[in-house]
Amino acid sequence: MLNPQRSLSELPKMSAASQVERAVLEEEFNWLLKEEVHSVLKQLQDVLKQEASRRFSMPTPGLESQLRQENFILGSSTMDQVKGVLTLQGEALTQADINLKVAKSSQVLHFQFREDKQWKLQQIQDARNHVNQALQLLTSRDDTYHFQTGAEVNKLMDAVMLQLTRARNRLTTPASMTLPELATSGLMKMFTPPMPGDVMVNFYINLSKLCLTVYQLHVLPPNTTKNFKPAGSSVLHNPGAMFELNNNRFEVSHVHKVECVVPWLSDTLVFFTISLQLCQQLKDKISVFSSFWNYRPF
């Protein structure tokens, strides 16, 4: 049986040990808030500044030639019915040279961008804007700023991670479009000679690939009301999809998708992953300390 008197006499010792442990943890946590948080913020800024300046930053107006032009050959898995070369300069397609072999005939149609036109890729623009917002959040706390609580650090990391996740999602998730939206898109006015009424195209980014989809259409007879079902919004429409435009009804007869790998987009996805991991690791360190002091607002 335990001696009650002895147990009581040991309480002050236990309390003193607990106080020492708590003081050590308090000191470590204060060091984390003062030193390590700023070290991680600097790492994040370095990664984003270096990569964003190489991938996303626009040159000074009038000096667009600072951005290197890159040519990409489009590969096809559909019997070479579509071939082409795309010229990418930053976020803009400055030239597209496309050959389309018309289905059920030997005719080859040739299209290219007009010399006075270039096509901005909205996905790259949006990703760049989200990266810039993440950088603004990080630079809003300079080296002299002292974080008071873990909750304050977590709030900043959550805001940065939100922008980085949105940037990554813009490159991994192309926008859905309806067929009438494609048909009336400004992209259809980019080409010389003009696209015929039975051909539509769309460009988009999917992960590290630049994709071109070509749709061939045929006009449905006016009496096809019974089986007419307009297609909804999609990234890629399949043959058989129908839509109505200017009192005419169309059906997609053939779809050709070709793509090319853009190496710097692959690198960009990697730096998003690295940056998100840095944010999460800092949050994990904060959470280790927060479990020791439930009474303190970490």
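I looked up V235 and found it in the loop between β8 (209–219) and β9 (242–245), with strands (E, at least two residues) and helices (H or I, at least four) taken as DSSP runs numbered from the N terminus. The model is a predicted one, in which local features need pLDDT of at least 70 and side-chain atom pairs count only at pLDDT 80 or more, whereas totals for chains, interfaces and linings use all residues. Residues are numbered from 1 along each chain as its sequence is written, and side-chain values use heavy atoms, with hydrogens and water left out.

I checked the exposure of V235, and its relative accessible area of 26% makes it partly exposed (buried is under 20%, exposed over 50%, partly exposed in between, with a 1.4 Å probe and protein chains only). Leaving aside neighbours within four places in sequence, I noted that V235 is in contact (heavy atoms within 4.5 Å) with P174, A175, S176, Y204 and Y215. For one of these, Y204, which lies 31 residues away along the chain, I read a C-alpha separation of 8.9 Å from V235.

I then turned to helices α3 (residues 150–172) and α5 (residues 263–290), whose axes come within 10 Å and cross at roughly 160°; the axes are lines fitted to C-alpha atoms over the stretch in contact, and angles run from 0 to 180 degrees between N-to-C directions. I therefore recorded α3 as roughly antiparallel to α5 (angles over 145 degrees; under 35 is roughly parallel, 65 to 115 roughly perpendicular and the rest oblique).

For the whole protein chain, I noted five helices and ten strands, and 41% of its 298 residues count as buried.
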